[in-house]
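Me: I would like to go through this structure term by term. For each label, please give the value and the cut-off behind it.

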Amino acid sequence: MSDPVLHVTIGASPPARLDKALARDVPEAAALSRTRLARLISDGAVSREGAVLDDPKARVAEGDVIEIAVPEVVESHIAPEDLPLDVRYEDEDLIVVMKPAGMVVHPAPGTPSGTLVNALLHHFGGNLSGVGGVGRPGIVHRIDKDTSGLLVVAKSDRAHHGLAEQFAAHSVERVYQALVYGVPDPGDPRLRGVRGVSIEPGSVIKITSDLARHKTDRQRQAVFFGHGKHAITRVRVVVPFGTPPQVALVECRLETGRTHQIRVHLAHAGHGLIGDAVYGGRRKIAKGALPDVAMEAVDRFDRQALHAAVLGFTHPVTGDALRFEAEVPDDMADLIAALQVKDAP
């Protein structure tokens with residue numbers, strides 16, 4: 001059976017290039033992103049009067065009828081799995097979920113199953129328009145395996161394209177809660193002397209750097225200046241704990257979203273995350289500054305204490321402003337409760 005053909009008539013005053021003209025004139029209902037159109041052109045699926053147009057720079061004119069053979073969505077090679085899924089919002093174009101700590105977002109050689117994508121494929125049950133011609137969820141951002149929190153996932157090409165544009169433009173609101181060693185103090189001369197650290201109104205600490213793979217440990221990211229991907233994190237202390245203060249609950253706002261960004265930036269500033277064996281390590285806490293119950297809770301916390309608490313964006317299809325908040329999971333809530341104990345036993 002041949003692929004269904006979409007006929008597109010080029011409108012008035014078109015862009016000279018085929019790819020740009022199609023991006024403008026393909027009906028929105030076709031849900032063909034610019035990326036998908038570029039792939040269809042290179043695959044020879046686009047023609048005019050029977051002649052294949054495989055050059056995105058091909059000239060077009062008003063009134064040209066362009067034929068696009070759009071392949072049926074094929075099934076993903078990833079197997080659906082019946083795993084628990086905490087859905088916070090869903091419509092025909094996207095889904096917002098609360099990812100638990102310990103779950104990987106997408107299958108990889110080391111984790112081929114048990115991932116969020118496996119769970120989503122089971123949840124959709126075949127009711128998925130697909131991304132890029134494949135019946136799979138569109139992952140536009142990720143959260144580390146041992147970080148909990150909110151994720152938005154595209155269910156259609158049009159949503160995937162629109163969400164990707166917002167993440168690229170840094171217009172998505174992303175707020176994380178973290179528990180760190182020490183208390184980041186905007187007035188601390190040491191902190192002010194850290195390269196890339198600046199102070200903004202409201203006692204907000206801005207950390208700006210480039211991030212790239214560590215020179216010797218390829219599993220880690222590291223701070224660089226003049227090399228890597230630009231990254232900006234803003235940090236604000238919410239609650240300090242201890243007498244004198246030894247630990248703090250902080251709020252981190254992402255302007256960019258690089259791999260391990262918050263973990264690397266806070267470690268660079270001298271305030272690694274509790275439980276982060278890769279970047280945080282274990283820091284000595286002053287004897288008697290925290291009650292024993294709090295000290296024990298800090299010592300046994302076995303993942304980075306990081307949670308994606310707020311996610312806000314514009315719906316890529318309806319244009320509605322959406323904003324979601326997720327409470328910290330039980331393990332972080334228990335740690336915070338232990339740190340709030342006032343008197344040592």
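This is a predicted model: local features need pLDDT of at least 70, side-chain atom pairs count only at pLDDT 80 or more; totals for chains, interfaces and linings use all residues.

Me: Which residues line the largest cavity?
Reply: The lining consists of Pro 184, Leu 191, Ile 205, Ile 207, Val 235, Leu 266, Ala 269 and His 271. A residue counts as lining because it has an atom within 4 Å of a point.

Me: What makes a pocket a pocket rather than a cavity, and what volume does the largest pocket have?
Reply: A pocket is an open set of points with protein on both sides within 12 Å along at least five of seven lines, whereas from a cavity the probe cannot get out. The largest pocket has a volume of about 970 Å³. Of its 33 lining residues, Arg 142, Ile 143, Asp 144, Arg 258 and Thr 259 are the closest to its centre. Two or more lining residues come from each of α4 (157-168), β11 (173-181), β13 (204-213) and α6 (261-268).

Me: Why is Glu 49 called exposed?
Reply: Its relative accessibility is 79%, and the label exposed requires over 50%. Glu 49 therefore counts as exposed. The residue sits in the loop between β2 (46-48) and β3 (51-52), and it has a positive phi of about 50 degrees although it is not a glycine.

Me: Why is Ser 203 called only partly exposed?
Reply: The relative accessible area of Ser 203 is 46%. Buried means under 20% and exposed over 50%, with partly exposed in between, so Ser 203 is partly exposed. Ser 203 lies in the loop between β12 (197-200) and β13. It is not a glycine, yet its phi is positive, at about 60 degrees.

Me: How do you know that the peptide bond from Thr 243 to Pro 244 is cis?
Reply: Its omega is near 0 degrees. Pro 244 belongs to the loop between β15 (229-241) and β16 (247-254).

Me: What share of the protein is buried?
Reply: Buried residues, those under 20% relative accessible area, make up 46% of the 345 residues. The accessible surface comes to about 16,900 Å², and carbon and sulfur atoms account for 49% of that surface.

Key. Residues are numbered from 1 along each chain as its sequence is written. Side-chain values use heavy atoms; hydrogens and water are left out. Buried means under 20% relative accessible area, exposed over 50%, partly exposed in between (1.4 Å probe, protein chains only). Accessible areas come from the Shrake-Rupley method with a 1.4 Å probe; for residues, only the protein chains shown count as cover. On a 1 Å grid over the protein atoms alone, a cavity is a set of points where a 1.4 Å probe fits but cannot get out, and a pocket is an open set with protein on both sides within 12 Å along at least five of seven lines; lining residues have an atom within 4 Å of a point. Grid points are joined across faces, edges and corners, and a volume is the space filled by probe spheres set on the points. Helices (H or I, at least four residues) and strands (E, at least two) are DSSP runs, numbered from the N terminus.
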